[in-house]
Amino acid sequence: MNADLGPDIATAAAAIDDHTIELRRAIHQDPELGLDLPRTQKRITDALTGLGLDITLGESTTSVVADLDSGRPGPTVLLRGDMDALPLQEDFPLDFKSQNDGKMHACGHDTHVAMLASAARLLAGNKDSFTGKVRFMFQPGEEGFHGAKYMIDEGVLEGVDRAFAIHVTANSPAGMIATRAGALLASADKFEITIHGAGDTRRPRTTAPTRSPPWVRRSPGCTRWSVAPSTPRSRAWSQWPTPVPARPTTSSRQWPGWRARFDPTTRRPATP
Ligand SMILES: [Zn+2]
């Protein structure tokens, strides 16, 4: 997708604000967990109906994939939003408080669904402004249920050139976008890696930790990270290579143009 929506995109998004908020609150009121979210799926397909999208429902989960074709050749860009809630009790006097005991959209995925559905609506109404295709990926089971894996197995990434996702956060003011290099938020997933390799006698054996972190499984013969057993564990951990330093957060503070175009109080573009 090569888009040329320009600054009008903020105005266009604001124009369907009510629609976005209404969908978000409907989903917030009716949270569902895991991979089986039939009512959330129905709300998504209802929101996408009539936009000219090619909609595919998941076979192994209640996912939704919707394709938008500009009719002109170009890359395929995937936009992804997760759908599932958390097993928490909502205890806040909201008009649109969760009606399902022990379930709550505490992570904001209700917002992600509404944002993605509205992105589909905006782009479907502006097909002349981009080339290529856009694929909208509504993913259940983000909170530790491997929802993305099921969708990938069903082919959601086939033909996709780039993929983007966004997560709301209460740590930044409304109207601000922030990012950084590397990991940004906690994840409910875990993974193990196996390092295969031979020992390297050129490396001093005392500069590495006494043991791998618990998420690393060393294969037999891999001695690269081993040190003298007498190294205190605390010292070993302090010697574990630190991740690549993150670049400073990029935010709208560094994009004055964005901030000038958007009023976080009214959630509408600021009048010049
Ligand atoms: Zn989340």
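1. α2 and α4 pack at an angle of about 145 degrees, and their axes lie 8 Å apart. Axes are lines fitted to C-alpha atoms, for helices over the stretch in contact, and angles run from 0 to 180 degrees between N-to-C directions. The crossing of α2 past α4 is right-handed. A crossing counts as right-handed if the near helix is turned clockwise from the far one by less than a right angle, and left-handed if anticlockwise.

2. This is a predicted model: local features need pLDDT of at least 70, side-chain atom pairs count only at pLDDT 80 or more, and totals for chains, interfaces and linings use all residues. Residues are numbered from 1 along each chain as its sequence is written. Helices (H or I, at least four residues) and strands (E, at least two) are DSSP runs, numbered from the N terminus.

3. Which residues of α2 meet α4? They are His19, Thr20, Leu23, Arg24, Ile27 and His28. On the α4 side, the partners include Asp110, Val113, Ala114 and Ala117. Contact means that C-beta atoms, placed from the backbone, lie within 7 Å.

4. Helix α2 covers residues 17–29. At 1.5 Å a residue, its 13 residues should span 18 Å, and the end C-alpha atoms are 18 Å apart, which agrees. The expected span is 1.5 Å times one less than the number of residues.

5. Thr20, Leu23, Arg24, Ile27 and His28 are the buried residues of α2. Seen down the axis, they fall within an arc of 135 degrees, so they line one face of the helix. Buried means 20 or more other C-beta atoms within 10 Å of a residue's own; exposed means 12 or fewer, and partly exposed is in between, with C-beta atoms placed from the backbone. The arc is that of the directions from the helix axis to the C-beta atoms. These buried residues pack against α3 (38–48) and α4 (109–124).

6. In α3, the buried residues are Thr40, Gln41, Arg43, Ile44, Ala47 and Leu48. They cover an arc of only 160 degrees around the axis, which puts them on the same side of α3. Pro38, Lys42 and Asp46 are exposed on the other side. The buried residues of α3 pack against α2, β2 (54–57), β3 (64–69), α4 and β6 (133–139).

7. α3 and α4 pack at about 20 degrees, with axes 9 Å apart. They are therefore roughly parallel to each other (angles under 35 degrees). Their crossing is right-handed. Thr40, Ile44, Ala47 and Leu48 in α3 meet Val113, Ala117 and Ala120 in α4.

8. Just after α3, glycine 50 takes a positive phi of about 90 degrees.

Key
Contact = placed C-beta atoms within 7 Å. Parallel < 35°, antiparallel > 145°, perpendicular 65-115°, else oblique.
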